[in-house]
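User: Please take a close look at the sheet in this model and at the helices packed against it. I would like one connected account.

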Amino acid sequence: MADPIEESAAAQATAVAQEDPNKLTNAKVLARLQELFGADTFTDVEEPYGLLTATTTRERIHEIVQTLAGEEELKMHFLTTMCGVHFPEDEGKELSMVYHLHSLVNNVRLRLKIFFPIADPVVPTLTDIYATANWMEREAYDFYGIIFQGHPNLIRILNVEDMDYHPMRREYPLEDGTREDKTDLFFGR
């Protein structure tokens with residue numbers, strides 16, 4: 001005789017899968033991540049627009065991405081993108097790196113985030129795992145000043161080499177208050 005609790009759980013999983021197949025897939029991916037790395041490795045787990053998103057630490061990011069790239073069940077063999085973000089209002093977590101991994105075989109996407117202080121913007125490189133990380137890391141260095149430890153050629157990629165600031169950091173006002181040619185009259189304000 002079948003266990004009624006197991007039957008109920010299976011029926012509930014089937015209902016969720018029929019309602020939104022991404023939720024079931026994301027639940028399986030999250031369970032596998034927690035199995036591989038432990039439940040306490042990931043925080044702030046959410047699913048905006050069906051994309052499984054989790055936050056971890058910069059100390060663990062290289063290990064996690066390396067394991068996922070070689071892991072036979074998830075097969076996260078593709079680094080879609082990675083980018084820097086600046087949150088000046090978050091004390092001690094001003095800078096962030098966001099990694100988008102994709103399993104082309106399973107058609108599953110995963111977003112991983114790490115946060116760290118602007119005073120210590122050092123993150124391990126992923127160029128030894130994904131060749132595509134090279135230019136994306138250079139872009140994050142160029143625009144946000146994030147230093148990728150172990151990167152083979154960490155130089156600016158879009159801005160001039162002698163630039164002494166990082167233009168995407170929110171450290172400067174968006175508009176020049178001293179401009180006289182720009183009045184509210186012309187801009188509907």
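Analyst: In this predicted model, α3 lies across β2, β4 (95-103) and β5 (108-116). Against β5, α3 runs at about 160°. Helix α4 (residues 133-144) lies across β3 and β4. Its angle to β3 is about 5°.

Now the sheet itself. Five strands make up an open sheet, in the order β1-β2-β5-β4-β3. The pairing is mixed. β1 and β3 (78-86) are the edge strands, each with a single partner strand, so one side of each has no neighbour in the sheet. On average, neighbouring strands of this sheet are turned by 15° against each other, direction ignored.

Next, the β1 end. Strand β1 (residues 43-46) pairs with strand β2 (residues 52-56) in the antiparallel sense, over two bridges. T43 stands opposite T55 in β2. E46 has T53 of β2 as its bridge partner. The two strands form a hairpin, with five residues between β1 and β2. In the turn, Y49 has a positive phi of about 55°.

Back to α3 (residues 58-70), which also meets helix α2 (residues 21-37). The axes of α2 and α3 come within 12 Å and cross at roughly 120°. The crossing is right-handed. From α2, the residues in contact are L33, L36 and F37. They meet R60, E63, I64, T67 and L68 in α3. By class, this contact of α2 with α3 has five nonpolar, one polar and two charged residues.

How values were computed
Residues numbered from 1 in each chain as written. Predicted model: local features only at pLDDT ≥ 70, side-chain atom pairs only at ≥ 80, totals over all residues. Heavy atoms only, no water. Pairing = 2+ DSSP bridges. Helix = DSSP H or I, 4+ residues; strand = E, 2+ residues; numbered from the N terminus. Axes fitted to C-alpha atoms, helices over the stretch in contact; angles between N-to-C directions. Left-handed = near helix turned anticlockwise from the far one by under 90°. Contact = heavy atoms within 4.5 Å. Nonpolar A, V, L, I, M, F, W, Y, C, P; charged D, E, K, R; others polar.
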